Amino acid sequence: MDKVKTPNDSLTIMTNIVLPNETNYLNNLFGGELLSRMDKACSISARRHAHTHRVVTASVNQVSFEVPIPVGSIVKIEAKVTRAFNSSMEIISDVWLEDPSTGQIIKTNQGIYTFVAVDANNKPIPIPKIVPQSQEEKDRYDAALRRKQLSLVIAKRMDPQDATELKALFAQKEEGSN
Ligand SMILES: CC(C)(COP(=O)(O)OP(=O)(O)OC[C@H]1O[C@@H](n2cnc3c(N)ncnc32)[C@H](O)[C@@H]1OP(=O)(O)O)[C@@H](O)C(=O)NCCC(=O)NCCS
């Protein structure tokens, strides 16, 4: 498991339209449908990074619904692994709305998913390391440990006292406010 990968190795792009049976009563894309699409895109990214079909969603964090997506829209989801830990990986899914008449593309949503690679007995297994390339990939990589610790604290899998990245963040804020 010594092969080092880049975020682009896991890049997954899913483009689809919004059909009437995928909308809410306001004729906009139903939130649960979008979550499902993002989960699928992230699952493919995770498989590409981990070189296995056996990955599971461990957590979904910080999903934002910023702009409604009307029926008939063209929706593009881009998912990439931002950081690989031991068996788990963070994947960010960015959602874009495309207007074919103007060519305009606007970002509507973002979701942050954690997937874990598992063996045939559903036990976590090691995954390749990742080396970010672009500045955005480096920023996302750096922030991923903080998000992992937050997710583990919320899931009661980590004692807040051990969340070094979160403590450092609050310490910085306190220094800044003096
Ligand atoms: C996710 C799962 C495999 C973790 O198994 P586990 O035996 O608890 O294993 P661990 O505690 O060693 O966790 C494995 C990794 O997941 C990470 N993890 C687990 N829960 C997490 C959470 N809520 N947020 C972020 N990371 C999490 C751990 O930090 C660890 O990461 P690392 O190996 O990279 O350091 C297990 O809980 C599971 O199978 N859950 C059900 C998944 C599922 O069915 N998903 C479909 C959605 S319905």
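Predicted model: local features only at pLDDT ≥ 70, side-chain atom pairs only at ≥ 80, totals over all residues.

Residues are numbered from 1 along each chain as its sequence is written, and side-chain values use heavy atoms, with hydrogens and water left out.

**Entry 1: strand S4 and its partners.** My strands (E, at least two residues) and helices (H or I, at least four) are DSSP runs, numbered from the N terminus. Two strands count as paired if DSSP finds at least two bridges between them. S4 and strand S5 (residues 105-117) pair in the antiparallel sense over eleven bridges. On S3 (residues 74-84), the antiparallel pairing with S4 runs over ten bridges. There I found Arg83 opposite Glu90 in S4, and Ala79 opposite Ser93 in S4.

**Entry 2: the hairpins.** Three residues make the hairpin link from S3 to S4. The hairpin of S4 and S5 has six residues between the strands, and in it Gly103 takes a positive phi near 80 degrees.

**Entry 3: burial.** Why is S4 largely enclosed by the rest of the structure? Nine of the eleven residues of S4 (residues 88-98) are buried, so the strand is largely enclosed. Buried means under 20% relative accessible area (1.4 Å probe, protein chains only).

**Entry 4: the whole sheet.** I traced an open sheet of five strands in the order S1-S3-S4-S5-S2, with antiparallel pairing. S1 (12-17) and S2 are the edge strands, each pairing on one side only.

**Entry 5: around the ligand.** Which residues are closest to the ligand? Of the 17 residues that surround the ligand, the closest are Asn86, Ser87, Ser88, Lys148 and Ser151; a residue is counted if one of its heavy atoms lies within 4 Å. S2 (55-65), S5 and helix H2 (135-154) each supply at least two residues of this shell, and S2 gives the most, with four.

Entry 6: A nitrogen atom of the ligand is 2.9 Å from a polar backbone atom of Thr57. An oxygen atom of the ligand lies 2.8 Å from an N or O atom in the side chain of Lys148, and a polar side-chain atom of Arg157 is 3.0 Å from a ligand oxygen atom.

Technical notes:
Buried < 20%, exposed > 50% of the residue type's maximum accessible area, 1.4 Å probe, protein only. Polar contact = N/O pair within 3.5 Å; in protein donor to acceptor, adjacent residues only side chain to side chain.
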